Amino acid sequence: MTLLSLTDVSVRYGRLTAVRGVSFSVAENEILFVTGPNGAGKSSLMRAIAGVTHCAAGKITLDGRDITAEKPENIARMGFSMVPEGREVFGSLTVEENLMVGTGMHGGAKRGRIADELASVYDTFPILKERRNGQAGLLSGGQQQMLVIGRALMTQPRLIAIDEPSLGLAPNITDQVYERLIALRAERGLTLLIVEQSSTRAVMVGGRMLLMRGGQIVLDGDARALGNSEAIQAAYFGYEDH
Amino acid sequence: MLQILFDALSLGSLYALGALGIALIFGVMRLVNFAHGDVIAFSVFALLWPSTDALAIVFAGQLPWYLLIPFVLIVGALLSVLCEIVVYRRFRHASPATMMIASFALGFVIRYFLLMLFTSRPKSISLLPALGQPVEIFGARLPLLQLITIVATICILLALTLFLRRTRFGLEMRAAAENFSMARMLGVRANNVIMGAFAISGALAGAIALIFGSQTGTLDIQMGASVMLMAFIATVIGGLGSLPGAVLAGFLLGAASVVMQVFLPIDARPFRDAFVYGAVILVLLFSPQGLISARGTKERV
């Protein structure tokens, strides 16, 4: 079943077009990597889906509902959790307070799971438990990255979108993060939308991969099949031919 | 000596509460709300019937204190929330300068509304008259009101701190004040947080109105403006958006005013405020971010 669907989405900043007419859809429980060189429009695309950046054109639906002009909080409440690039921790709040910010949207059964969710986040990232009462702004870059990913998981999303999860993380921690995400995908049918600059991780983990360049999708296919094909190399290093 | 301390604390209380009301709103939406002073005036004028007499015709002011205090606080909160819904909501995406001008305009609307109903004559009123009596502490005779002002301010500050630290809504407000768009991506409803901030700020305006009105015994439609000016300065020195900074700077300003009143040579006393502002400039020269700089001065909403 299609969970998220984009049709001809464009994002503009003034005269600059960051995303031009992008269409794709994400099926429930799918794992989709969006890759591409710096400035390809990946982050703008993510922010447009999350509702924090205005779409200049096109349509976005989540679970069949049009969310193109929806408020970010309502999109989050529909089960879309976004981890933007740049580790946006609430620096003056404690680590645990950061984790709790996104849990207010739940009532009923989900609310009962908050304590379990917290335990499982601490289980994945023991350092966060150790520093739970410390100020989030004093964490190292890698620890902040763990915190924002943990914070997004605390909202118990159906779809989690992470903009460069490996940024600033030690490789073994990145492995742990991916292990946890893949386990959650199996356990509760979590859908993963992951932005990475390089395709290495996508090839390792498997799943579908989109490759963006110049605000457009230039490749769409199975990550392992695309793997080290010439098409990928051309997309990263080739000359702009459009 | 004790007298000076209590004078400083009670004047500081007034400034601190005012600064807090401005800092709260600035924190969540980068708006310097210059209408705050007029909300102060409005919430206490709501106790009177419209008239042109110098002697106030009291209406809700006759209520016993346990009804009168909540009445004024609620009027302040309601008016403040109304300002948000009717005016500020439309300026969410506007530049801070546009919002500031809108707040000036709104302040004038409120002030001239009061002028229309009550004229510009100050009105004498005895709010909570029982509080005028002096009490004796450590050999100093202090008005009971001054004592209550200080105690009430401390209670309000404690309650607000607990609210911000211990409640779900407080957590969301602190998160939103630091990074609004991230908070929204975590499902925090922007409108709720902003209306909450306006409600608290309005209730604080009501508290100031009560204290100020019962201290001076006269109500003037300009009364909010004088507190507002000092309170605004306090938020700037405190580091715009920083709540502890606003409170600290409010008390410091109160103390500076009182101390200068006492220790300046008699000839210089009429220029007391000039000396206070001079001190403010010095503080900002050495610490342009204010005493406690607010984190996350990023783009809002």
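Reply:
**A close look at one contact**

In chain B, helix H3(B) contributes Ile69(B), Val72(B), Leu73(B), Val75(B), Gly76(B), Ala77(B), Leu78(B), Leu79(B), Ser80(B), Val81(B), Cys83(B) and Glu84(B), and these meet Ile194(B), Met195(B), Phe198(B), Ala199(B), Ser201(B), Gly202(B), Ala203(B), Ala205(B), Gly206(B), Ala207(B), Ala209(B) and Leu210(B) of helix H8(B). Residues are in contact if their C-beta atoms, placed from the backbone, lie within 7 Å. Helices (H or I, at least four residues) and strands (E, at least two) are DSSP runs, numbered from the N terminus.

The model is predicted, so local features need pLDDT of at least 70 and side-chain atom pairs 80 or more, while totals for chains, interfaces and linings use all residues. Residues are numbered from 1 along each chain as its sequence is written, and chains are lettered from A in the order in which they are written.

The axes of H2(B), residues 36-45, and H9(B), residues 223-238, come within 7 Å and cross at roughly 140 degrees. H2(B) is therefore oblique to H9(B). In this contact, His36(B), Gly37(B), Asp38(B), Ile40(B) and Ala41(B) belong to H2(B), whereas Met223(B), Gly224(B), Ala225(B), Val227(B) and Met228(B) belong to H9(B).

Between H1 and H2 of chain B there is a loop in which Arg30(B) is found. Arg30(B) is not a glycine, yet its phi is positive, at about 55 degrees. It counts as buried because 20 other C-beta atoms lie within 10 Å; a residue needs 20 or more to be buried, has 12 or fewer if exposed, and is partly exposed in between.

Asp8(A) is exposed, with 12 other C-beta atoms within 10 Å.

The two chains also meet: 22 residues of chain A are in contact with 19 residues of chain B. On the chain A side, the elements that give two or more residues are helix H2 (72-77) and helix H3 (95-100). H2(A) gives the most to that side, with four residues.

Ala50(A) lies in helix H1 (residues 42-50) of chain A. It counts as buried because it has 24 C-beta neighbours inside 10 Å. Leaving aside residues up to four places away in sequence, Ala50(A) touches Pro72(A), Ile75(A), Phe80(A) and Met82(A), and also Met185(B). The C-alpha atom of Ala50(A) is separated by 20 Å from that of Leu211(A), 161 residues apart along the chain.

Under that sequence limit, Ala161(A) touches Met46(A), Ile49(A), Phe80(A), Met82(A), Val83(A) and Leu193(A).

Note on methods: Axes are lines fitted to C-alpha atoms, for helices over the stretch in contact, and angles run from 0 to 180 degrees between N-to-C directions. Angles under 35 degrees count as roughly parallel, over 145 as roughly antiparallel, 65 to 115 as roughly perpendicular and the rest as oblique.
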